[in-house]
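Please walk through this protein with its sequence and coordinates side by side, moving from the whole fold to a few single residues.

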Amino acid sequence: MSDTPPNPFVSLLGPTLIQDVKGKKQVKTINAVKNKDLVLLYFSASWCPPCKAFSPLLKEFYQATKDRIEIVYVSSDSTVAEFEGYFGSMP
């Protein structure tokens, strides 16, 4: 039995994260957060006006800092189509 505690992000988010709208490109959660100074969970939805206003600012911030941070998008959309449309605009 290993004495290494489980990674809290793997416990919270699961073993893999999707990186494209159809889920074909995936990354192991442990690899996505490895060597990052900060991991942000971004709760958002396509139907949320404040979210739609904030997302471009967050995208710009991410592009400038992606070597040091990781942002995990957590959708509050009601349908797969809504999720795919909004998630497809994420970097």
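**From overall fold to single residues**

In this predicted model, 59% of the contacts in the protein with a separation of 6 or more are accounted for by residues 24 or more positions apart, where contact means heavy atoms within 4.5 Å. The model is a predicted one, in which local features need pLDDT of at least 70 and side-chain atom pairs count only at pLDDT 80 or more, while totals for chains, interfaces and linings use all residues. Residues are numbered from 1 along each chain as its sequence is written, and side-chain values use heavy atoms, with hydrogens and water left out.

The protein contains four helices and four strands, which are DSSP runs numbered from the N terminus (helices: H or I, at least four residues; strands: E, at least two). Read from the N terminus on, these elements follow the order α-β-β-α-β-α-β-α, and the C-alpha atoms fill a box of roughly 45 × 30 × 20 Å, taken along the principal axes.

Of the 91 residues in the protein, 30% are buried, a term that stands for under 20% relative accessible area, with exposed meaning over 50% and partly exposed the range in between (1.4 Å probe, protein chains only). The protein exposes about 6300 Å², of which carbon and sulfur atoms supply 60%; accessible areas come from the Shrake-Rupley method with a 1.4 Å probe, and for residues only the protein chains shown count as cover.

Threonine 29 belongs to helix H2, which covers residues 29–33. Is this threonine 29 buried or exposed? Threonine 29 counts as buried because its relative accessible area is 0%. Leaving aside neighbours within four places in sequence, threonine 29 is in contact with Phe9, Val10, Leu13, Gly14, Pro15, Thr16 and Leu17.

Strand S3, residues 38–44, holds phenylalanine 43, and leucine 38 is found in strand S3 as well. Phenylalanine 43 is classed as exposed because its relative accessible area is 52%, whereas leucine 38 is partly exposed, with a value of 42%. Which residues does leucine 38 contact, leaving aside its neighbours within four places in sequence? They are Arg68, Ile69 and Glu70. Leucine 38 also lies 9.9 Å from lysine 66, C-alpha to C-alpha, although the two are 28 residues apart in sequence.
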